[in-house]
Amino acid sequence: MADDILTTGSSAARKPPLAILVAVSAIGPLALNIFIPSMPGLQRALDAEPSEVQLTLTLYLFAIAVAQLGYGPLSDRFGRRPVLLAGLVIFTLASIACALAPNLESLIVARVFQAIGGCSGMVLSRAIVRDLYDREKSASILGYITMAWVIAPMLAPSIGGLLDVWFGWRASFLFLVVVGALTLLATLRWLHETNFQLQSLPGLVGLLAGYRGIARSRAYLCYVAQTSFGGAIFFSFLAGAPYVMVEILGRTPLEYGLYFALVSLGYMTGNGISGRFSQAVGIRGMLRLSAAFTLLGCVAMTSFFAAGWVSVAALFLPMVSVALGNGMGVPNGTAGAVSVDPSRAGAAAGLAGFLQMTIAALGSQIVGFLQTGSALPMSVVMLIFAFGGLAAFLALPRSER
């Protein structure tokens, strides 16, 4: 694949190995999820309140949101490759700081920088795909790439749970140091530049004007809204599920990690369906299926908890349906959003990522504040976001639908 050539105007872009795009897009979700099983134990180890420990997740998400606003325009100006390499360097150094953090405050600051570095691959992998492929094909390719956002969360809680049990919570960050360094070296070796239509850096006023121009598109906002609400559902679950498993059901972090593999398999299945059928069914058809499966899972989970049936099955089985819907929705919604104005693919991807992660951070922190001994608040928050995603799909302009 690395030897394939795509001619764009007078420039030729070599398509990077798919494995590189998978790796750089997975590193941010990996760093997020590997630490989640350790959060209840960290709360006890540092004698902190649940909402304080929750900041290691919420501020990670918020940092990803803000950083993505910069990565898009910077990559439009300087190219995808140098900006991505800089992000991976930041990620690796921040992971070292996390492993050495002497207290919760230091850990939170280091997590913010870890997120800033890790999100570079999440943004730029999407922009690189849009550099190389047309609208429908990019949805298919993104379906395969975003499997990394499943494989990483699927493996990360199990790895994090094992490392936490055997060596303590710091071991997870040492593992991320190794992963970050290896990904940096692989990117340096095999990822070539794909953006040959560099644009001048607009400055703050111009940057805001550019984002305002993109955000004036109703289609763009609807695409981003559906993927944002879907992501908020997922991260609300990440914020509440460990608490339900460990504190309410009395299970171990390792068990949480193992059961979470079911959720990841559901998301992976959705990505596979997207990769296989997006070109044939179209973005509209895939987003319709996404909204249906997501809402079905959230309704089922809320119904179980409202009826007093709080169990591992009631927690994870409905989430498989949600994950299946997310797996179909994220690549198609992203492809639709960055295709509204292909000349601003980097900025469009960055703004989409900002909105997605901001809403996700909001949902996760709300769930953290509502952890008062009941599983129901988490599922209610998820259900509200599911209805928001359905409304966003229904609001798509007729030309896009």
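**Helix packing and an aromatic cluster**

In this predicted model, helix α4 (residues 55-78) packs against helix α6 (residues 104-132) at about 40 degrees, their axes 7 Å apart. Axes here are lines fitted to C-alpha atoms over the stretch in contact, with angles running from 0 to 180 degrees between N-to-C directions. That angle makes α4 oblique to α6, given that under 35 degrees is roughly parallel, over 145 roughly antiparallel, 65 to 115 roughly perpendicular and the rest oblique. By class, the contact of α4 with α6 has 17 nonpolar, seven polar and two charged residues; Ala, Val, Leu, Ile, Met, Phe, Trp, Tyr, Cys and Pro go down as nonpolar, Asp, Glu, Lys and Arg as charged, and the others, Gly among them, as polar.

On to the rings. Counting Phe, Tyr and Trp rings (six-membered ring for Trp) with centres within 6.5 Å, there are 10 aromatic pairs. One of them, F234 with F235, is edge-to-face (planes over 60 degrees apart; under 30 is stacked, the rest tilted), at 5.7 Å centre to centre and 85 degrees between the planes. F234 and F235 are both buried, meaning under 20% relative accessible area with a 1.4 Å probe, protein chains only. Ring pairs also tie F234, F235, F237, Y256, Y259, F260, Y267 and F316 into a cluster.

Across the protein chain's 401 residues, 58% count as buried.

Residues are numbered from 1 along each chain as its sequence is written, and side-chain values use heavy atoms, leaving out hydrogens and water. Local features need pLDDT of at least 70 and side-chain atom pairs 80 or more, while totals for chains, interfaces and linings use all residues.

Note on methods. Helix = DSSP H or I, 4+ residues; strand = E, 2+ residues; numbered from the N terminus. Buried < 20%, exposed > 50% of the residue type's maximum accessible area, 1.4 Å probe, protein only.
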